[in-house]
Structures are given as C-alpha cells and as structure tokens.
Amino acid sequence: MPIVRTLLSNRFATATRDRARRTAGRALHRGWKWLQDAGAVTNRNPGPYRFGELGDGTKLAFPLGTVFNEQWVTIGPFSIIGERVTISAGFLPGLDLGPEPIVRIGGGCVIGRGSHIVGHQSIVLGDDVWTGPDVYITDQAHEYRDTELPIGKQWPRNEPVEIGAGSWIGTGAVILPGARIGRNVVVAANSVVSGEVPDHAVVAGAPARVVRRWDAAEGWQPPIRHDAPRPLPDGVTAEQLRALVGWDLRIPGEDDGSAADEQVAGER
Ligand SMILES: CC(C)(COP(=O)(O)OP(=O)(O)OC[C@H]1O[C@@H](n2cnc3c(N)ncnc32)[C@H](O)[C@@H]1OP(=O)(O)O)[C@@H](O)C(=O)NCCC(=O)NCCS
C-alpha cells in the first residue's frame with residue numbers, strides 16, 4: 001500500500017506542477033504582449049526617446065535595439081521598425097552632431113527585426129524601403145593604412161549612403177559606406193553592396209553584382225524566370241482581405257464564388 005500511496009502522490013505533484021507551469025506560461029505571454037504594446041515607441045508614446053522627427057502612424061516595436069542620438073534621426077509617417085533594430089547617429093550618446101539629421105528614414109518603410117542602421121555622416125532611406133531581418137547599413141568604415149596603430153584606434157572614414165524609394169533589401173544584406181542604391185532595387189539576401197546600383201535592378205552576391213535590370217525598351221533582362229502573381233480582383237475590400245488572411249486563401253468571388261464572402265458575412 002505505501003507504494004500505491006507514493007505513486008498517487010507523485011502523480012498529484014506532477015499534475016499540480018503542470019497546471020502551475022501552464023498558468024505561469026499564459027501569464028508570461030500575456031505580460032510580454034502587454035509590455036510590447038506599452039513599450040512600442042510612437043510620436044504619441046515616445047518613452048524616453050526624442051527623435052528629430054517621428055511621423056504619424058510610425059511605430060518602433062519593443063524591445064528596441066540600441067538607439068542613441070535619435071535627435072539626429074528622422075522617420076517619416078507610417079513606417080514600421082521591427083524589434084531590436086539598432087538606429088544610431090555618431091559614435092557615442094550625448095554628442096552634438098550639428099544642424100542636419102544623420103539618419104533619415106522615409107515614410108512607409110519597414111525595417112526588419114534585428115537590423116542595424118548605424119550612421120555617422122548621412123544615411124538616407126527613401127520612402128517605402130523595406131528590409132528583411134538582420135540587415136546592416138552603415139556609412140562608416142575603419143581606416144587601416146597605419147600599420148602600427150590598431151585598426152580600431154585609427155580615424156575612421158565616412159561616405160554617405162542612399163537607398164532609393166521603393167527598394168527591397170533581402171535578409172542579411174550589408175550596405176557599405178558610399179553605397180548609392182537606386183529606386184525599386186532588389187538586393188538579394190546576404191549580398192554585400194558598395195558603390196552605385198541603378199534604378200530597377202536586382203543585385204546579388206558579395207560583392208553584389210547586377211543580375212537583372214529593367215529598361216523601357218527591353219523590359220527585364222534577363223527575363224524574369226518566375227510567373228507573375230495573380231492580381232487581386234477589382235473592388236476587393238479590406239475586410240475581405242482580412243478574411244483571406246485569417247480564414248481561407250481563396251480569392252473572394254473565385255471558384256464557386258462565395259466562400260470568403262460568406263465568412264466575412266458571418267463575421268459581422
Ligand atoms: C533576389 C531574389 C529576390 C530573387 O530575384 P530574381 O530576380 O527572381 O532572381 P533569380 O532567382 O532569377 O536569380 C538571378 C541570379 O541571381 C542569383 N541569386 C539570387 N539570389 C541570390 C543570393 N541571395 N545570393 C547570391 N546570388 C543570388 C541566382 O543564383 C541567379 O544567378 P544565375 O543567373 O547565375 O543563375 C531572391 O533570391 C532573394 O534573395 N530574396 C530575398 C529574400 C529575403 O531576404 N526575404 C526576407 C523577407 S523581406
């Protein structure tokens with residue numbers, strides 16, 4: 001009998017522990033969600049940050065990465081800065097960096113989580129620039145020509161960086177000092193970009209080379225290999241799109257015509 005009692009008491013202890021862990025897990029996730037909401041930085045809820053400009057509708061997700069000298073950072077409206085994105089101006093916090101912004105991020109930009117935008121002289125991202133996660137953009141490199149002095153102690157050199165409106169920077173890409181990327185450029189994942197990239201180009205590799213280009217006479221050369229995605233039907237509403245994302249990937253009105261429409265109606 002003592003064995004049975006021990007078994008029962010062990011089972012009871014395990015069930016109690018499991019219940020406690022479930023409760024703690026739920027509380028932790030709710031608490032974290034609350035922290036994320038409360039800690040997100042916007043122009044209405046700037047927390048301790050004083051950006052040179054934060055446009056309406058722009059949000060920096062919590063937790064932020066390293067952000068300092070943000071008085072020299074401007075971000076236009078309706079941009080999303082992912083979690084743990086570092087945005088800095090100058091070497092150290094607390095410097096006077098002069099009258100002009102150092103980092104300018106346009107409106108409608110999306111900066112992927114874990115990315116770094118490390119400015120010392122000038123980094124300009126046009127409107128609607130989207131980056132994947134873990135992208136590194138900097139306008140500064142260490143000098144190395146003095147063979148005696150440790151490289152880290154040599155005076156660095158800066159070259160302004162520009163990324164044209166509408167460009168898309170793939171995950172893990174590095175944008176080096178002096179890069180001037182045109183409009184609507186695709187930078188492939190893990191590419192390392194320096195120098196000039198023309199408008200409407202796809203660049204890939206390290207160092208990044210143009211692998212595809214567009215011009216009005218010839219279109220995309222070499223021709224794009226994959227099929228174009230099907231466009232959304234005319235007149236599709238935001239509600240219908242929400243229903244597609246949440247419930248069903250069919251396009252409203254397609255096939256028998258009504259699956260997603262019915263779901264939307266059911267939601268009301
Ligand atoms: C660049 C990309 C968009 C493909 O564009 P694409 O115009 O369809 O390019 P293709 O697949 O036709 O490739 C063209 C050439 O570039 C090369 N290439 C494509 N992506 C590359 C990469 N990341 N690194 C090195 N070379 C690459 C291809 O091998 C191909 O070379 P080839 O002509 O010698 O065969 C895609 O490869 C990519 O990197 N996407 C980024 C994905 C990402 O980071 N997502 C994060 C979410 S935002």
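**Notebook: strands, core, ligand shell and domains**

I began at strand β12, where Thr138 stands opposite Val118. The model I am reading is a predicted one. Val118 belongs to strand β9, residues 116-119. I noted that β9 and β12 (residues 136-138) run parallel and are joined by three bridges.

Next I asked which residues make up the covered face of β9 and which the uncovered one. Ile117 and Gly119 are on the covered face, while His116 and Val118 are on the uncovered face. Gly119 also has a bridge partner, Ala89. I then looked up the pairing of β6 with β9 and found four bridges in the parallel sense.

I turned to the open sheet. I read its seven strands in the order β1-β4-β7-β10-β15-β18-β21, and the pairing is parallel. For β21, I looked up the link to β18 (residues 180-181): the two strands run parallel and are joined by two bridges. Arg180 has Glu196 in β21 as its bridge partner.

Then I looked for the largest nonpolar core, which has 42 residues. Val73, Val103, Ala173, Ile175, Val187, Val193 and Val203 have the most contacts inside it. I listed the elements that give two or more residues to this core: β4 (73-75), β6 (86-89), β7 (103-105), β10 (123-125), β15 (161-163), β17 (174-175) and β22. Setting aside neighbours within four places in sequence, I found Ala173 in contact with Val135, Val187, Ala189, Asn190, Ser191 and Val193.

My next entry is the ligand. There are 16 residues around it, and Gly132, Gly170, Thr171, Ala188 and Ala204 come nearest. I sorted the shell by class and got seven nonpolar, seven polar and two charged residues.

Last, I checked the domains. The domain assignment gives domain 1 as 1-39 and domain 2 as 40-230. Their centres, taken over C-alpha atoms, are separated by 44 Å. How many residues of domain 1 are in contact with domain 2? I found four, and they touch five residues of domain 2. On the side of domain 1 that touches domain 2, I noted one nonpolar, two polar and one charged residues.

Key. Residues are numbered from 1 along each chain as its sequence is written. This is a predicted model: local features need pLDDT of at least 70, side-chain atom pairs count only at pLDDT 80 or more; totals for chains, interfaces and linings use all residues. Two strands pair if DSSP finds at least two bridges between them. A residue is near a molecule or strand if its C-beta atom, placed from the backbone, lies within 6 Å of it. Ala, Val, Leu, Ile, Met, Phe, Trp, Tyr, Cys and Pro count as nonpolar, Asp, Glu, Lys and Arg as charged, and the others, Gly among them, as polar. Domain bounds come from an automatic or database domain assignment. Two residues are in contact if their C-beta atoms, placed from the backbone, lie within 7 Å. A nonpolar core is a set of buried Ala, Val, Leu, Ile, Met, Phe, Trp, Tyr and Cys residues joined through C-beta atoms within 7 Å. A residue is buried if 20 or more other C-beta atoms lie within 10 Å of its own, exposed if 12 or fewer, and partly exposed in between; C-beta atoms are placed from the backbone.
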